[in-house]
Structure formats: C-alpha cells, structure tokens
Amino acid sequence: MKNIFLLLILVASFSVNSQEKDKILPKANEEFVAKNYSEAEANYRISQSKFKKKAISSYNLGTAIYKQNQHSESKYQFAKAIQDAKTKPEKHKAFHNLGNVLMKEKNYEGAV
C-alpha cells in the first residue's frame, strides 16, 4: 500500500513538471508595452524557442518585429502564428496583421 501511494505521488509530480509555465512571455509583454521592441523581440524569441507550438509567442514576436519596420521578417512570424493557432480569434488576429504586412509590401491581392 505504501509503495502504491509513493508511486502515485511520483506520477503526479511528473505531470506537474511537464506543464512548464512560460515565464519569459510576461517579461516580453512588459518590454513591448514600454516600447522596447528589440528587448521584447529577444524575449519573444526565447519564449518561442521553448514553446514551439504556442501561437501567442509567434504572434507577439511578429508584432514586435513589425513595430521595428522589418515588415518582411514579421510576415513569417504571423504565418507561423496562423499555423499554430488553436482558436478562431488567434487566427483572425494573425491573418489581420499578415494582411497589414502585405499591404505595406504593396501586395494588395495577397492582403485581401
């Protein structure tokens, strides 16, 4: 009985550890709000490397890059955000910003 209890505790601790929380993303968001876009970009890249399938990291990274007038590079991050998005609002925001990038590049047909 004691061994079963220890085994249950061990399994529970593994499941808690497997759901790592993104501690970098809030720092990046603070930098973005403070208009420190290059610092925000660096932190978003760290967040994205640790959480590869998290759409919000790609979306926010694309926005930080866009704010630095690097429109072509931000396009790839928005495309990744669209690919990783799990909800319609996430996809909508990423498609919207991708459209803005395409408008800046004068690709009006693609923007539509």
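Asn69 counts as exposed because its relative accessibility is 60%; exposed means over 50% relative accessible area, buried under 20% and partly exposed in between, with a 1.4 Å probe and protein chains only. This is a predicted model, in which local features need pLDDT of at least 70, side-chain atom pairs count only at pLDDT 80 or more, and totals for chains, interfaces and linings use all residues. Residues are numbered from 1 along each chain as its sequence is written, and side-chain values use heavy atoms, leaving out hydrogens and water.

**Two loop residues**

Asn69 sits in the loop between α4 and α5. Helices here are DSSP runs (H or I, at least four residues), numbered from the N terminus. Lys35 is found in the loop between α2 and α3.

**Helix α3**

Buried residues of α3 include Tyr37, Ala40, Tyr44 and Gln48. The buried residues of α3 pack against α2 (24–33), α4 (55–67) and α5 (71–84).

**α2 against α4**

The axes of α2 and α4 are 11 Å apart, at an angle of about 25°. That angle makes α2 roughly parallel to α4, a label for angles under 35 degrees. Leu25, Asn29 and Phe32 of α2 make the contact, with Ile56, Ser57, Asn60, Thr63, Ala64 and Lys67 of α4. Contact means heavy atoms within 4.5 Å.

Ser57 lies in α4. Ser57 counts as buried because its relative accessibility is 0%. Beyond residues up to four places away in sequence, Ser57 touches Asp22, Leu25, Tyr44, Ser47 and Gln48.

**Nonpolar cores**

A nonpolar core is a set of buried Ala, Val, Leu, Ile, Met, Phe, Trp, Tyr and Cys residues joined through side-chain atoms within 4.5 Å. The largest has eight residues: Tyr59, Phe78, Ala81, Ile82, Ala94, Leu98, Val101 and Leu102. Both α5 and α6 (88–104) supply at least two residues of this core. Helix α6 gives the most, with four. Apart from this core lies another, of seven residues, among them Leu25, Ala28, Leu61 and Ile65.

Terms used
Axes are lines fitted to C-alpha atoms, for helices over the stretch in contact, and angles run from 0 to 180 degrees between N-to-C directions. Angles under 35 degrees count as roughly parallel, over 145 as roughly antiparallel, 65 to 115 as roughly perpendicular and the rest as oblique.
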